[in-house]
Amino acid sequence: MKAINFVVCLCMAFMLSTFNSLATGEDFKSFLHKFTSSASFQYSRIKFPLKSPIVLLQDDGETEQTFPFTRDKWALLDSETLKEGRITEEEGGVYISRFTRDEPAYKEFEAGYDESEPSLRVVFELVDGNWYVTDCYNDWYNLDLPIGELEETVRTMQEENKSFEELHP
């Protein structure tokens with residue numbers, strides 16, 4: 001009987017400590033506002049390299065090559081990009097952006113056209129009370145991008161980042 005009471009107390013203590021760590025964590029809505037309005041804050045809250053590498057096809061069209069998703073390849077995200085919504089375009093396509101997972105310590109945002117693969121997927125995780133991006137898929141770097149064009153794509157993305165940084169340092 002004492003063993004059962006000990007296990008119950010231990011489980012309750014664990015649940016209480018988990019609840020406390022989540023309760024004292026950073027508010028996601030406030031974090032997201034700051035994340036999308038400050039380039040320096042955004043860079044500070046991304047765990048580089050991201051969990052998933054960038055995967056491109058070599059010139060043979062079959063062999064995959066991976067590249068770490070590092071800071072130099074990151075496209076800064078603004079509030080419009082991470083805004084939930086549904087837009088029906090004149091051509092009939094429907095663009096959907098939403099949080100597909102919304103848990104207390106884990107959130108996953110996806111955006112793209114209905115009935116197709118997402119063009120953007122961003123994973124946010126609560127780590128030691130603070131929110132961080134830990135993984136991302138961005139259509140800037142998809143299997144249709146030839147490896148030979150990776151450098152130019154990174155340069156173009158970095159130019160766009162400079163514009164964001166000027167508006168939102």
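Student: Which side chain does K83 meet in a salt bridge, and what's the N to O distance?

Tutor: K83 meets the side chain of E80, at 3.8 Å from N to O. Keep in mind that this is a predicted model.

Student: Are those two buried or exposed?

Tutor: K83 counts as partly exposed, at 46% relative accessibility. E80 counts as exposed, at 55%.

Student: How many salt bridges does a search of the whole structure find?

Tutor: The search finds 9. One of them joins the side chains of K51 and E125, with 2.8 Å between N and O.

Student: Where do K51 and E125 lie?

Tutor: K51 is in the loop between helix 3 (39-44) and strand 1 (54-57), while E125 is in strand 6 (residues 120-127), so their bridge ties together parts that are 74 residues apart in sequence. K51 counts as exposed, with 59% relative accessibility, whereas E125 counts as buried, with 18%.

Student: And what does R101 pair with?

Tutor: R101 forms a salt bridge with E103, at 3.0 Å from N to O. R101 is partly exposed, with a relative accessible area of 35%, and E103 counts as partly exposed at 35%.

Student: Let me zoom out. How many helices and strands does the chain have?

Tutor: There are 4 helices and 7 strands. Along the sequence the pattern reads α-α-α-β-β-β-β-β-β-β-α.

Student: What share of the residues is buried?

Tutor: Buried residues make up 34% of the 169 in the chain. The chain exposes about 10,900 Å², and carbon and sulfur atoms supply 54% of that area.

Student: Contacts next: what percentage join residues at least 24 apart?

Tutor: That is 49%, taken among contacts between residues at least 6 apart in sequence.

Student: On to the rings. How many aromatic pairs are there?

Tutor: The count comes to 14 aromatic pairs. One of these is F28 with F99, an edge-to-face pair with 5.7 Å from centre to centre and 85° between the planes. F28 is in helix 2 (residues 28-37) and F99 is in strand 4 (residues 94-103), so this pair links parts of the chain that are 71 residues apart.

Student: Buried or exposed, those two?

Tutor: F28 counts as buried at 13% relative accessibility. F99 is buried too, with a relative accessible area of 17%.

Student: Which residues do ring pairs link into a cluster?

Tutor: The cluster holds F28, F31, F35, F41, F99, F109, F124 and W131.

Student: What sits over the ring of Y132?

Tutor: The charged end of R45 sits over that ring, 5.3 Å from its centre. K47 also lies over the face of Y132, at 4.3 Å from the ring centre.

Student: Now the strands. How does strand 3 run relative to strand 4?

Tutor: Strand 3 (residues 85-88) and strand 4 run antiparallel, joined by 4 bridges. T88 stands opposite V94 in strand 4. Their hairpin has 5 residues between the strands, and G92 there takes a positive phi near 105°.

Student: Which residues other than glycine have a positive phi?

Tutor: E115 is one of them, with phi near 65°, and D128 has phi near 50°. E115 lies in the loop between strand 5 (106-113) and strand 6, and D128 in the loop between strand 6 and strand 7 (130-138). E115 counts as exposed at 80% relative accessibility, and D128 is exposed with a relative accessible area of 78%.

Student: Where's the cis peptide bond?

Tutor: A cis peptide bond joins F48 and P49, with omega about -15°. P49 lies in the loop between helix 3 and strand 1.

Student: Last one: is K73 buried or exposed?

Tutor: K73 is buried, with a relative accessible area of 11%. K73 is found in the loop between strand 2 (64-67) and strand 3.

Student: What is K73 in contact with?

Tutor: Leaving aside neighbours within four places in sequence, K73 is in contact with I54, F67, P68, Y141, V154 and M157.

Conventions:
Residues are numbered from 1 along each chain as its sequence is written. This is a predicted model: local features need pLDDT of at least 70, side-chain atom pairs count only at pLDDT 80 or more; totals for chains, interfaces and linings use all residues. Side-chain values use heavy atoms; hydrogens and water are left out. Helices (H or I, at least four residues) and strands (E, at least two) are DSSP runs, numbered from the N terminus. Buried means under 20% relative accessible area, exposed over 50%, partly exposed in between (1.4 Å probe, protein chains only). Contact means heavy atoms within 4.5 Å. Accessible areas come from the Shrake-Rupley method with a 1.4 Å probe; for residues, only the protein chains shown count as cover. A salt bridge is a side-chain nitrogen of Lys or Arg within 4 Å of a carboxyl oxygen of Asp or Glu. Rings of Phe, Tyr and Trp (its six-membered ring) pair if their centres lie within 6.5 Å; planes under 30 degrees apart count as stacked, over 60 as edge-to-face and the rest as tilted. A charge sits over a ring if NZ of Lys or CZ of Arg is within 6 Å of the ring centre and within 35 degrees of the ring normal. Two strands pair if DSSP finds at least two bridges between them.
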